[in-house]
Amino acid sequence: MRTLVIARRELGSYFRTALGWVLAALFLLLSGLVFAASSLSPGEPASMREFFTVWWSLLVIVAPAISMRLLAEEQRTGTLEPLLTSPVAEVEVVAGKLLGAAGFLACCLAPTLSYVAVLAWLAGPDLGPIVAGYVGVMLLGTLYLSVGLLFSALTASQTLAFLATMFFLLLSEVGAQRAAAHLPAPLDAAALALSVNLRLGDFARGVVDSQHVVFFLAATAWFGGLTALVLRTRRWA
Amino acid sequence: MIELHDVSKRYGRVEAVSGVELTINPGLVTGLLGPNGAGKTTLMRMITGYLSPTAGRISVCGHDTVTASGAARRCIGYLPDAAPAYGEMRVDGYLRFRAGLCGVARGQQNAVVEKALSQCWLSEVRKRRVGELSRGYRQRVGLAAAVLHGPAVLVLDEPTTGLDPGQIREMRGLIRELARPGEGVPAGRVVLLSSHIMAEVEATCDRVVIVHRGRVKAAGTPAELVGGAGSVGRYVLEVVLERNGTISEQEDGLVGVVRGRLLGAGGAVGGAAGGVAGVRRVTVIGAGDRRLKVEVESEAGADDLREAMARALHGAGVVVTELVRERASLEQVFLNAISEAA
């Protein structure tokens, strides 16, 4: 219940500030360009596979921008104090913040459904892979937001939270793929399992593998749990 | 009730709060008084559960703030220093959010928000964004957010900072009102506020706790503290000699008589050989025609010496024409407390 209270406020705050609208506009612009470049090619099958595959690189920028203010701003302005002295558990704060940010990501994604309508009007694509693609983007986006939330809890500077999240996301993905290329079996498979880009590729192809779903949810819960731990540790500072 | 048992808090090597024992009862406004950096905010943050004590135990309404943190926090309404709030939200929306956080059911939120808006004189700015409000209004928004769920304990960190004199008077009245018994708080609320302004605490609080360098230096009602063992009494006497003659002729004699009668034979301290017990020092502060004005300082914690001094002087042919007891102020008590610690 309190999680939803926090999530509602968080979602609303994106639309009450210029940052939210700028992010939404940027998101729409980038996704529009990607759609035009990847899905509107004459002679190609009507599909959004390329569109979703490119989403990893967009989310590496967009997710940190959405998440950077979640707790850093609260620390800077002092609102974290009334929040954490309310009868709310740290886990509820984290879940509420994450839900609100994921809700904003969903709001940013919603206008891209018009691309599906355009594609349907032009060529009648298979809707299954498109639905799976959206599920994959939301799962990956929420995971990235949870990483951003953790960095946002570690600093009162939004800029620092943004940069640290972006570099972490870039390095972890590039690192996983590089390690997979150089490590012997079975370590290469383990490294490859950490590559979210490959998992997103499966969603883009229309494959909703339960392993991928569990991976994204578990990783999101892991970073969320770490964030709750950071908040709890603050009390002992 | 708030109870602190041997509470300490360390920030690295710095001990911000050390061995605090304190009980704060409902129905009274209790003021934490101390200079900047005394540990007042740290104490409040530990009571509200924002920080955990390094050692010791704090219980709020019977709930331990560490092991039953959620239950303890449900009893507390907290106004942090500078009243932080989300500037982009409208006042009523922010209060509804805080009501939701405190577990007020959605159906009751409008009613509790309305009550808090009217209680804290915020109705006229209810649709304004918090970030656009003056400091005084933001402070009221913070107070409204603290009281709206009807907590049994109110913790207010520097509640009148940034307010103008009129707002300060209103805020004091509201704080005293909140401590009184009411709906859901038959014994009244525990109201704990902090301040480094003496007049503020004197005007608002029923009980004062003086904190310095993380330790409680004194606690009690303002009257208890002022009349307590740590305070020195001061009296101003004007006396006139009954015999004829000018003071210039007899000044030395009169001073000697007064000193002798108050301090004892030879002016010995402590009232030996006929002096008044409790008198520590006699200082001449003025002289006129057959008149003498002296300041008498009593031992710390001595009783009221006016009657004893008047009797002692009357017996020596000296008429007391004026005798004023200068009461020690809370400020003197406070300065004594923090200078003893220095």
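## Helix and sheet packing in a predicted model

Trainee: This model is predicted. At what angle do helix α9 (residues 127-154) of chain A and helix α12 (residues 196-204) of chain A pack, and how would you describe their relative direction?

Mentor: The axes of α9(A) and α12(A) are 7 Å apart, and the packing angle is about 155°. Angles over 145 degrees count as roughly antiparallel. Therefore α9(A) is, relative to α12(A), roughly antiparallel.

Trainee: How many residues of that contact are nonpolar, polar and charged?

Mentor: On the α9(A) side, the contact includes P129(A), L140(A) and Y144(A). From α12(A) come V196(A), L200(A), F203(A) and A204(A). The division is 12 nonpolar, two polar and no charged.

Trainee: Over in chain B, which strands are the edges of the open sheet of four strands?

Mentor: The strand order there is β2-β1-β4-β5 (chain B), with antiparallel pairing. An edge strand pairs on one side only, and that applies to β2 (14-24) and β5 (63-64) of chain B.

Trainee: What is the bridge partner of H212(B) in β10(B)?

Mentor: Let's move to the open sheet of six strands, ordered β6-β7-β8-β3-β9-β10 (chain B) with mixed pairing. Its strand β9 (residues 207-212) of chain B is joined to β10(B) by five bridges, and the two run antiparallel. In β10(B), the partner of H212(B) is R215(B).

Methods. Residues numbered from 1 in each chain as written. Chains lettered and ligands numbered in written order. Predicted model: local features only at pLDDT ≥ 70, side-chain atom pairs only at ≥ 80, totals over all residues. Heavy atoms only, no water. Pairing = 2+ DSSP bridges. Axes fitted to C-alpha atoms, helices over the stretch in contact; angles between N-to-C directions. Parallel < 35°, antiparallel > 145°, perpendicular 65-115°, else oblique. Contact = heavy atoms within 4.5 Å. Nonpolar A, V, L, I, M, F, W, Y, C, P; charged D, E, K, R; others polar.
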